[in-house]
Amino acid sequence: MSEALESLLDLLDIERIEENIFRGRSRSAVVPRVFGGQVAAQALVAAGRTVPEDRLAHSLHAYFLRAGDPGAPIVYSVDRIRDGRSFTTRRVVAVQHGQPIFHLSASFQTYEEGMEHQAPMPPAPDPETLPTAAELLPRYAEVLSDPVVVERILEARAAVDLRYVDAPPFGTVGEVREPRSQVWFRTNGKLDGAVDDPLLHAVLATYVSDMTLLDSILLAHGRGGWVTGDVVGASLDHAMWFHRPFRADEWLLYDQESPSASGGRGLGQARIYTQDGRLAISVIQEGVVRVPRQ
């Protein structure tokens with residue numbers, strides 16, 4: 001396991017300070033606020049730690065209410081909404097400086113057999129044939145708003161091996177492209193021993209899911225995104241459905257598209273597949289996407 005992955009797991013291992021109350025911390029991100037994927041992942045950890053181990057996360061729905069302060073702790077309060085025979089529901093509110101910054105509802109289910117069908121996995125190249133982030137991102141240093149952005153992105157994503165199938169938005173600024181994008185990802189290291197449990201794999205997928213989902217919106221307008229300064233914005237809401245077992249330390253294909261952008265908002269939707277073609281997760285996110293005023 002890499003040092004960066006150990007650091008990420010430590011970050012996600014939030015502290016229980018009271019029954020149903022947990023405390024998390026943050027680390028620096030590419031932008032001067034708490035990374036949305038981090039607070040969503042920590043909130044799912046808080047919810048999952050109040051649920052029996054035989055009940056697995058099958059969905060989450062979240063709203064980003066305020067920008068998080070990376071220099072302050074985040075308190076997660078869990079409301080045990082319902083414990084049914086098959087399903088368990090939890091609500092989590094993340095608070096900083098006395099104000100809610102994030103709200104999550106999550107549902108967990110005991111395993112059961114059922115009908116089976118899925119959308120087929122789209123074509124994608126072998127991830128091992130694609131450049132790593134460390135190989136790819138320095139090529140675009142000149143188009144970024146700040147020369148140190150590459151270093152900050154690489155540091156923020158060091159725990160994850162994330163590989164773009166095609167050029168990222170900041171690699172083709174000014175070129176209008178189809179609003180679709182694909183990345184392969186997995187953790188930079190194997191998860192084994194005491195940390196290897198289904199909740200952690202769901203939590204790590206939640207963490208990564210906020211990294212690139214809105215890219216396809218930018219592609220449709222030839223924008224490079226937050227790292228080039230030609231767009232400002234933030235995540236508004238985020239939803240995930242966990243369909244089938246998967247491992248976050250094995251290659252997952254994140255197939256993303258944007259069906260709409262209007263009113264200063266853009267919608268991204270995606271499916272996450274295992275390398276052998278099983279549909280593991282569906283994701284939808286809306287974000288504020290604005291062109292900066294001159």
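In what order do the 12 strands of the open sheet stand? The order is E1-E2-E4-E5-E6-E3-E9-E12-E11-E10-E8-E7, and the pairing is antiparallel. The model is predicted, so local features need pLDDT of at least 70, side-chain atom pairs count only at pLDDT 80 or more, and totals for chains, interfaces and linings use all residues. Residues are numbered from 1 along each chain as its sequence is written, and side-chain values use heavy atoms, with hydrogens and water left out.

Some terms are needed for the sheet. Helices (H or I, at least four residues) and strands (E, at least two) are DSSP runs, numbered from the N terminus. Two strands are said to pair if DSSP finds at least two bridges between them. Strands of a sheet pair through backbone hydrogen bonds, either parallel or antiparallel.

Strand E1 (15–18) and E7 stand at the edges of the sheet, and each has a single partner strand, so one side of each is left without a neighbour in the sheet. From one strand to the next, the twist averages 25 degrees. For this value, axes are lines fitted to C-alpha atoms, for helices over the stretch in contact, and angles run from 0 to 180 degrees between N-to-C directions.

Individual pairs of strands may now be followed. Strand E2 (residues 21–24) and strand E4 (residues 74–83) run antiparallel and are joined by four bridges; Phe22 stands opposite Tyr76 in E4. Elsewhere in the sheet, six bridges join strand E8 (residues 180–187) to strand E10 (residues 252–262), again in the antiparallel sense, and Phe185 stands opposite Leu252 in E10. E10 also pairs with strand E11 (residues 265–274), over nine antiparallel bridges, where Ser260 has Leu267 as its bridge partner. E10 and E11 form a hairpin with two residues between them, and Gly263 in the turn has a positive phi of about 60 degrees.

A positive phi is also found in residues other than glycine. Phi of Asn20 is near 70 degrees, and Asn20 is placed in the loop between E1 and E2. Phi of His97 is near 50 degrees; His97 is found in the loop between strand E5 (87–96) and E6. Are these two residues buried or exposed? Asn20 counts as buried, at 18% relative accessibility, whereas His97 is exposed, with a relative accessible area of 62%. Here buried means under 20% relative accessible area, exposed means over 50%, and partly exposed lies in between (1.4 Å probe, protein chains only).

The helices come next. In helix H1 (residues 3–12), Leu5, Leu8, Leu9, Leu11 and Leu12 are buried. They cover an arc of only 155 degrees around the axis, which puts them on the same side of H1; the arc is that of the directions from the helix axis to the C-beta atoms. The buried residues of H1 pack against helix H2 (36–48), E8 and helix H5, where contact means heavy atoms within 4.5 Å.

Nonpolar side chains gather in the interior. A nonpolar core is a set of buried Ala, Val, Leu, Ile, Met, Phe, Trp, Tyr and Cys residues joined through side-chain atoms within 4.5 Å. The largest such core has 68 residues, of which Val39, Tyr76, Phe102 and Ile281 touch the most other members. Val39 touches Val34, Phe64, Ile74, Tyr76, Ala94, Ile101 and Phe102, not counting residues up to four places away in sequence. Apart from this core lies another, of eight residues, among them Leu130, Val165, Trp251 and Tyr273.

The structure holds 19 salt bridges, a salt bridge being a side-chain nitrogen of Lys or Arg within 4 Å of a carboxyl oxygen of Asp or Glu. One of them joins Glu128 and Arg186 (3.6 Å, N to O). Glu128 lies in the loop between strand E6 (99–110) and helix H3 (133–136) and Arg186 in strand E8, so the pair ties together parts that are 58 residues apart in sequence. Arg186 also meets Asp161 in a salt bridge (3.9 Å, N to O). Asp161 lies in strand E7 (residues 160–164), so this pair ties together parts that are 25 residues apart in sequence. Asp161 counts as buried, at 9% relative accessibility, whereas Arg186 is partly exposed, at 23%. Finally, Lys190, Asp196, Arg247, Asp249 and Glu250 are linked in a network of salt bridges.
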